[in-house]
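Hi,

Here is the structure I said I would pass on. Have a look at it first, and then read my notes below.

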Amino acid sequence: MKRGLPFEIFMGLRYLRARGQRTNLSLFVWIGVGGVFLGVAALIVVLATMTGFQEGIRDRIVAANPHLLVYQTSGAGLADADRVAARIRAIRGVRSATPFVHQQALFTVAGGGAHGGLIRGIDLKAPAVVEDVRASLRRGDLRPLADGEPVLLLGWELARALGVVPGDAVTVISPQGALTAVGMVPRMRRYTVAGTFELGTHDVDSSLAYMALPAAQEFAGLAGVTGIEVKLADPFEAKRVGRAVAAELGFSYWVRDWMDMYRSLFAALQLEKLALFVVVTIIVLVAAFAIIGHLVLLVAEKRKEIGILKALGASAQSITAVFFTVGMTIGITGTVAGSLVGLLVIWAQNTYKVVRLATDVYQIDYLPMRLTLVDALMVLGAALILSFFATIIPARRAGLLDPVDVLRYE
């Protein structure tokens, strides 16, 4: 024992510092530490990237879309929307429930530009709707829309594609035309652009236009509305609140939540995250083999010392603990160093936004990183468990050496 350290830990740390003609053994120490370091750092960065990417897309989806959509099973729309919305608003967890109209449309301008999109008629009498639209407003004024004037709010990508600015005129064509004596005539209306909005999701910003609910009903030719859109106080309560809404309204209505609408996207992201975790863990597995190789060579190099120690009274458990200390020190050092570097990379990316993304492809403008406690425990657990199994077998073999057989041939 030296400096208060137990004998096993003191000897293990001493064996890590190979000197003289045995310095080649230190190469295996650095390979083991470096392998664990790279594996842990890569695992932390990969998992934080996938989690941050998934949550970034999820947050944009939650902000840009209703959390629940309520339709009537007949498919003819809702004629008693105000009564249904009032029943929904009485349910715990509902922040707002407002009628809406959805209508496919073709947007054209005088210069010949055209772009397909979606008209969303919104109820601007609801304070929650006005608050959400005002928060996303990029240019222009919301008042003409609230006053019922024949105006539109265009997604800013849609406005850019059409080449229009607030004050310009846009002709909107509905695919559901009116039947006349000369056949089906498309329904066309001319509207003024009151402003542009940005929800942060490229698919939405390049295809959506807001219109006051009465104007949207007239354009779509509906006496009622398409359905009820519901915003929740907690978007992650969508499943529970959705079941409560369905139970309140009965079988003649059906409810879709945002989790169901984007289930395939999040399932694909989760599978990709799991696959990357398995692939990158192979780096730590390679480091585990380096630890095994180092310990096997170290045991062969120290056979004489092991025999002497056992002859002096050291137990098999003590010898095992000596070499276990060597292997686990390599594993723990690499794990700690890799964790610190991984956390540093996450901090740098979230602070300085070094890696930028194309919003038209990835829906978000930079690559966010977020390491959850579960992911951190998975990384640390994988690294330490692999280090443990790489260490325990050669350490136990060292403890089982017979001092008589060892010293007989020395």
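One thing before you start: this is a predicted model.

Ile332, Val336, Leu340, Leu380 and Leu384 make a nonpolar patch of about 410 Å². Two helices, H13 (316–352) and H15 (373–399), each supply at least two of the patch residues, and H13 gives the largest share, with 3 residues. Leucine 380 lies in helix H15. With a relative accessible area of 32%, leucine 380 counts as partly exposed.

Next, the aromatic rings. Searching the whole structure turns up 10 aromatic pairs. One of them joins tryptophan 258 and phenylalanine 266: the ring centres are 6.2 Å apart and the planes stand at 80°, so this pair is edge-to-face. Both partners are tucked away: tryptophan 258 is buried at 3% relative accessible area, and phenylalanine 266 is buried at 14%. Tryptophan 347 and tyrosine 352 also pair edge-to-face, at 5.7 Å centre to centre and 90° between the planes. Here tryptophan 347 is partly exposed, at 49%, while tyrosine 352 is exposed, at 56%.

The charged end of arginine 138 sits over the ring of tryptophan 156, 4.0 Å from the ring centre. Likewise, lysine 353 has its charged end over the ring of tyrosine 366, 4.8 Å from the centre.

Now for the salt bridges. How many does a search of the whole structure find? The count is 16 salt bridges. In one of them, the side chains of lysine 231 and aspartate 132 meet at 3.2 Å, N to O. That pair links distant parts of the chain, with lysine 231 in strand S9 (residues 227–232) and aspartate 132 in helix H4 (residues 127–136), 99 residues apart. Lysine 231 is buried, at 15% relative accessible area, whereas aspartate 132 is partly exposed, at 28%.

Glutamate 218 and arginine 189 form another salt bridge, with their closest N and O atoms 2.7 Å apart. This one also links distant parts of the chain: glutamate 218 is in helix H8 (residues 213–220) and arginine 189 in strand S7 (residues 183–197), 29 residues apart.

Lysine 302 bridges to glutamate 305, the closest N and O atoms being 3.7 Å apart.

Cheers

Definitions and conventions:
Residues are numbered from 1 along each chain as its sequence is written. This is a predicted model: local features need pLDDT of at least 70, side-chain atom pairs count only at pLDDT 80 or more; totals for chains, interfaces and linings use all residues. Side-chain values use heavy atoms; hydrogens and water are left out. Patches are made of residues with over 30% relative accessible area and no salt bridge: like charges are joined within 9 Å, nonpolar side chains (Val, Leu, Ile, Met, Phe, Trp, Tyr) within 5 Å. Accessible areas come from the Shrake-Rupley method with a 1.4 Å probe; for residues, only the protein chains shown count as cover. A salt bridge is a side-chain nitrogen of Lys or Arg within 4 Å of a carboxyl oxygen of Asp or Glu. Helices (H or I, at least four residues) and strands (E, at least two) are DSSP runs, numbered from the N terminus. Buried means under 20% relative accessible area, exposed over 50%, partly exposed in between (1.4 Å probe, protein chains only). Rings of Phe, Tyr and Trp (its six-membered ring) pair if their centres lie within 6.5 Å; planes under 30 degrees apart count as stacked, over 60 as edge-to-face and the rest as tilted. A charge sits over a ring if NZ of Lys or CZ of Arg is within 6 Å of the ring centre and within 35 degrees of the ring normal.
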